[in-house]
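Subject: Structure handover

Hello,

Here is the structure I said I would pass on. My notes on it follow below.

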Amino acid sequence: MWINYLDQALLLAALAVTVNLLVGYAGQVSVAHAAFAGIGGYTICFLAGVHGWPYAAALGVAIVLATAFGVVVGLIALGLPEEFLILMTLAFSLAVIGIFATFDSLGGVMGLTGVDGLSLFGLELDGPRDWLIPSALVLVLVFAVCWRLGESPYGRVLKGVREDTVATRALGKNTFGYKIGVFAITSGLAGLIGGLYSGWLGQATPSAFGFPLAMAVFAMVIVGGNANLLGSVVAGVVLTMIEPALREGLGVQSSQAALLQLVLYGVLLVLVMIVRPQGLFAERFRRVAPPSPGDRPRAVVADRVAPPAAYADAEVVLRAEGLSKRFGGITAAKDISLELRRGTITALVGPNGAGKTTAFNLLTGTVVADTGSVLLNGVELVGMRPDRIVRAGLVRTFQDVRLLNRLTCLENVMLAVPDQAGERIGRLCTPGVGRADREVAAEAMEWLDFVGLADQAATPADALSYGQSKLVSLARALATRGDVLLLDEPASGVDATWVGTMLEMVAAVRAEGRTVCLVEHNLDVVRELADHTYFMELGEITASGTIADLTGSARLAEAYFGAQ
Ligand SMILES: Nc1ncnc2c1ncn2[C@@H]1O[C@H](COP(=O)(O)OP(=O)(O)OP(=O)(O)O)[C@@H](O)[C@H]1O
């Protein structure tokens with residue numbers, strides 16, 4: 001009896017591990033994975049049970065089918081705002097269970113039962129003892145796959161998606177691709193687990209893969225701890241064993257024990273969320289060891305500190321023409337045309353609500369322009385995905401910083417480094433990924449060093465002061481290797497001790513030959529840094545020149561500068 005439950009516990013723990021990769025690492029809350037397991041279970045019972053296929057071949061089809069459904073559901077659900085994901089996956093689960101119960105060929109409400117005589121690679125699977133090895137092997141396989149994905153550069157991007165999708169996309173990552181990828185992989189793994197689960201049960205029924213299973217797996221993830229795979233294994237085994245413990249230990253009747261187990265899951269979930277929201281096993285804070293200076297393979301910061309190019313002679317790197325954007329009745333941007341010149345600093349100034357951040361959003365594709373064009377080194381950016389725009393060389397920071405709080409400073413900057421081998425699933429199984437990641441760490445350290453925060457490399461981002469976090473966000477933008485940097489209010493809200501450092505940093509970025517455009521309310525900062533300034537009012541650029549020209553204008557002085 002206990003061995004029978006152990007089989008089940010191992011399989012449910014494996015399902016909890018897959019769901020944890022999706023929910024805990026990538027932050028995509030889905031309740032569909034019990035249904036994906038159901039697709040696997042029904043495939044086995046239909047092909048191997050009814051039509052006599054070899055079990056291994058039927059398992060292969062189960063994985064492919066569940067993955068294919070995962071891609072389709074993911075394509076529909078993951079493009080929607082995140083709050084709809086849980087509803088979409090719930091609707092999918094109900095539809096799948098409804099379909100299972102409707103078709104006579106799938107056994108109707110009774111399901112496909114009486115499946116026995118299965119064998120896998122010569123191993124006869126007759127009794128509970130026989131299922132122990134395949135169940136344990138599947139758990140080990142699922143754990144290994146999810147661990148490799150989660151605790152790698154790929155997993156770092158997943159955590160970025162979880163923490164802040166917009167900020168992660170602004171570092172050049174195709175966040176939608178990562179979401180679809182992890183959704184499809186975990187769906188396929190759920191299909192495999194469901195195939196084993198139905199084989200062990202000897203049947204596939206609508207109730208076996210219904211809402212109680214989805215809730216049980218969710219309870220295992222939450223109780224075990226988000227983004228802690230070992231926690232899911234422990235919680236998976238312990239929570240599954242509640243029912244036999246109630247029956248054997250306390251003599252509760254079989255039907256009541258199953259119901260009581262569900263009640264206990266609910267109570268445990270509430271308790272954990274109140275007392276220890278991170279779960280029994282907290283997320284493993286992956287501290288990438290900061291490389292020592294001697295280990296850093298190459299200097300990414302140029303020593304050269306050349307005087308800035310004369311603005312008039314500098315080459316135009318970015319040219320925007322006629323950019324406009326309306327939000328309902330509000331014209332946030334109207335016919336914006338501007339140029340950014342190589343190795344210079346351009347400032348965008350103007351009163352609150354003038355459209356400066358909207359201009360950044362339009363340039364970087366965060367908001368799609370109604371009209372207009374943006375050419376970066378001759379390449380049209382309008383219509384390009386925001387992450388592609390970053391990879392083309394145009395990167396931005398945010399007024400509200402948007403660091404990934406549950407990652408360390410070093411990890412925040414590492415995430416920004418482009419073309420990482422370990423971020424591609426195909427490369428994760430090849431040798432050299434660890435060495436490549438150490439090189440990424442070394443490059444990221446250079447940028448932390450550059451902004452003077454190398455000593456904070458292992459500090460979680462949410463433990464930084466506001467000024468420090470703005471500097472880390474600058475380091476992160478630099479690490480993308482973007483040629484043109486759009487800095488949204490780099491000095492605002494920063495206390496006096498850090499403003500000077502920030503000014504030095506931005507000037508040093510220009511000295512490196514990169515092009516900077518900054519939005520800034522602090523006119524002292526603009527005076528100190530800007531080679532050229534655009535003035536915005538009500539969504540339009542109404543004046544441009546040096547800051548001295550603009551502050552000298554009586555009209556502008558009255559409209560804005562007078563107050564400064
Ligand atoms: N997504 C949006 N939906 C609706 N209105 C928007 C949106 N984004 C910006 N706006 C509106 O567009 C106008 C310009 O806003 P924007 O944030 O670009 O100004 P800003 O110059 O950056 O202001 P601040 O200096 O206060 O940051 C404002 O009236 C704002 O309310």
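The UniProt entry, which is unreviewed, annotates residues 53-77, 84-103, 131-150, 176-197, 209-242 and 254-275 as "transmembrane region"; UniProt positions are in the numbering used here, feature names are shortened, and annotations may be inferred rather than shown by experiment. Residues are numbered from 1 along each chain as its sequence is written. The model is predicted: local features need pLDDT of at least 70, side-chain atom pairs count only at pLDDT 80 or more, and totals for chains, interfaces and linings use all residues.

Two of the annotated spans can be described further. Residues 176-197 are 100% helix and 0% strand, with end C-alpha atoms 31 Å apart. Residues 84-103 are 95% helix and 0% strand, and there the end C-alpha atoms lie 29 Å apart. Helices (H or I, at least four residues) and strands (E, at least two) are DSSP runs numbered from the N terminus; the chain has 22 helices and 12 strands.

On the overall build, the C-alpha trace spans about 90 × 55 × 40 Å along its principal axes. Of the 564 residues, 51% are buried (20 or more other C-beta atoms within 10 Å of the residue's own, with C-beta atoms placed from the backbone).

The chain is divided into domain 1 (1-209) and domain 2 (311-396 + 515-561), with bounds from an automatic or database domain assignment. Their C-alpha centres lie 48 Å apart. Six residues of domain 1 are in contact with five of domain 2, where contact means C-beta atoms, placed from the backbone, within 7 Å.

The largest nonpolar core has 175 residues, of which Ile193, Val217, Val413, Ala444, Leu448 and Ala475 touch the most other members. Such a core is a set of buried Ala, Val, Leu, Ile, Met, Phe, Trp, Tyr and Cys residues joined through C-beta atoms within 7 Å. Helix α1 (residues 2-25) contributes the most to this core, with 15 residues. Beyond its neighbours within four places in sequence, Val413 is in contact with Ala444, Trp447, Leu448, Val472, Ala475, Arg476 and Ala479.

Finally, the ligand. Its surroundings are Phe327, Ile330, Ala332, Gly350, Asn352, Gly353, Ala354, Gly355, Lys356, Thr357, Thr358 and Gln399, each with its C-beta atom, placed from the backbone, within 6 Å of the ligand. β4 (330-341) and α13 (356-363) each supply at least two residues of this shell, and α13 gives the most, with three.

Regards

Technical notes. A residue is buried if 20 or more other C-beta atoms lie within 10 Å of its own, exposed if 12 or fewer, and partly exposed in between; C-beta atoms are placed from the backbone. Two residues are in contact if their C-beta atoms, placed from the backbone, lie within 7 Å.
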